[in-house]
Amino acid sequence: MAIIQGRARKTEAGIFTASMADIVFLLIVFFVLTYNVEVDHTQVQLPKTWVRTDIPKHAAFVSIDKNGLIRVSTGKEMSLPVGSDEEVVTFASNVVAANPNKEFVLKADKETKYEYVDKVLDALKQAKAKVIFLLSEQKTVEDTQ
Amino acid sequence: MRINKKTIESEIFTGSMADVSFLLIIYFMVTSVFSATRGLDFQLPEDNTNTPEIKREDSIDIHVMAGDVIKVDGKQMSIDQILPYIADKLKQNPDKPVILRTDPDATYNDMIQVFDLLRQAPDKIGMEIKTISIPTQREIQNVWALFGMQ
C-alpha cells in the first residue's frame with residue numbers, strides 16, 4: 001500500500017472573538033441607559049405596601065434610620081447627616097425655594113419610631129413641600145400569610 | 001536617481017479598546033444599583049388660608065397606637081374592619097375626610113400599613129377616600145391649644 005506523503009495541514013485552536021466588541025458595547029449601552037446613582041446609602045428595611053407609584057428622578061431625599069439618624073440630599077449629591085429638625089426645615093426650604101414643585105422622598109426604616117417620622121413630615125410641611133413619596137417595597141401574598 | 005517611497009498605511013490602533021470597554025463595564029456594574037424607586041405618594045395640602053379646617057366630628061378619625069392597636073372614631077378595630085366601617089360612612093357622605101393620627105410610640109410600619117389600606121379603598125370598597133389627612137403632633141397640639149385643651 002502506498003504511503004501518502006504530503007504536508008499535514010495545521011489547524012490552530014482559537015476562540016472566535018470578533019463579536020466580543022459588539023457584545024461589550026451592547027452591555028455598555030445597557031448600563032449607560034439604566035445607570036442610576038443612588039444618592040443615599042442608608043441601610044434601612046423598607047415597609048411593604050400594595051400601592052406603589054413611580055418616584056420621579058432627582059427627587060430630594062430624606063432618610064431616617066432605625067435610631068432616628070436623619071440624612072438629607074437634594075437628589076443631585078450624596079446625602080449628608082443633619083443634627084436637628086430645624087436643619088431639615090432649612091434644607092427643605094432651600095430646596096422648595098429653588099424649585100417649588102420639587103418632590104421629596106422619605107426613606108425610613110419600618111421599625112423607626114413614628115416620633116422621628118412625624119418630625120420630618122412636620123419639617124417638610126413647614127417648608128411648603130407639595131408631594132412626599134413614602135419609599136416602600138412591593139408587598140406580596142406571602143407577606144400577608 | 002530614483003528613490004522608492006515607503007507607503008505607510010494610516011490606521012487607528014484598536015488593540016486597547018477591549019480593555020477600555022471592559023473597564024467601563026466593570027465600573028458601571030459596581031456603581032449601578034437596582035434600588036427601590038417606588039413608594040406611596042402623599043399630597044400635602046396647598047398653602048391656602050381659604051382651605052377649610054377639618055373638624056374631628058365631621059371626619060373619620062383613625063388613631064394608630066403602639067402594639068398594633070387601632071381606634072376608629074374611638075372604637076378599637078382590627079385592620080380588616082377599617083374599610084367596611086369607612087364604606088358605611090362614605091355611603092352617607094362621599095366627601096367625608098379621613099384623619100390618620102399616629103402615636104409617637106408607634107412604629108412607621110404601623111402607620112404606613114393603615115395608609116396603604118386607605119389608598120386601596122377604590123379597589124376594595126369601590127369608593128375613593130377623597131381626603132386623607134396626616135396631621136403632625138405639632139398641628140394636633142395647635143388645634144388642642146385653639147380649643148384650650150392640653
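Helix 1 of chain A meets helix 1 of chain B in this predicted model. From chain A, the contact draws on A:Met20, A:Ala21, A:Val24, A:Phe25, A:Leu27, A:Ile28, A:Phe31 and A:Val32. From chain B, the partners are B:Met17, B:Ala18, B:Ser21, B:Phe22, B:Leu24, B:Ile25, B:Phe28 and B:Met29.

How do the two helices lie against each other? Two packed helices are described by the angle between their axes and the distance between the axes. The crossing is left-handed.

Now look within chain B, where another helix pair is worth a visit. Helix 2 (residues 79-92) and helix 3 (residues 108-119) of chain B have axes that come within 10 Å and cross at roughly 35°. This crossing is right-handed. Helix 2 of chain B brings B:Ile79, B:Ile82, B:Leu83 and B:Ile86 to the contact, while helix 3 of chain B brings B:Gln113, B:Val114, B:Leu117 and B:Leu118. Seven of these residues are nonpolar, one is polar and none is charged.

Let us step back to chain A as a whole. Chain A holds four helices and eight strands, arranged along the sequence as α-β-β-β-β-β-α-β-α-β-β-α. Of the contacts in chain A between residues at least 6 apart in sequence, 69% join residues at least 24 apart. Buried residues account for 40% of the 145 residues in chain A. The chain exposes about 9,100 Å², and carbon and sulfur atoms supply 56% of that area.

A:Thr112 sits in the loop between strand 6 (104-108) and helix 3 (114-126) of chain A. Is A:Thr112 buried or exposed? Its relative accessible area is 0%, so A:Thr112 is buried. Leaving aside residues up to four places away in sequence, A:Thr112 touches A:Ile64, A:Asp65, A:Lys66 and A:Val117 in chain A. A:Thr112 also touches B:Ala106, B:Thr107 and B:Tyr108 in chain B.

Methods
Residues are numbered from 1 along each chain as its sequence is written. Chains are lettered from A and ligands numbered from 1 in the order in which they are written. This is a predicted model: local features need pLDDT of at least 70, side-chain atom pairs count only at pLDDT 80 or more; totals for chains, interfaces and linings use all residues. Side-chain values use heavy atoms; hydrogens and water are left out. Helices (H or I, at least four residues) and strands (E, at least two) are DSSP runs, numbered from the N terminus. Buried means under 20% relative accessible area, exposed over 50%, partly exposed in between (1.4 Å probe, protein chains only). Contact means heavy atoms within 4.5 Å. Accessible areas come from the Shrake-Rupley method with a 1.4 Å probe; for residues, only the protein chains shown count as cover. Axes are lines fitted to C-alpha atoms, for helices over the stretch in contact, and angles run from 0 to 180 degrees between N-to-C directions. A crossing is left-handed if the near helix is turned anticlockwise from the far one by less than a right angle, and right-handed if clockwise. Ala, Val, Leu, Ile, Met, Phe, Trp, Tyr, Cys and Pro count as nonpolar, Asp, Glu, Lys and Arg as charged, and the others, Gly among them, as polar.
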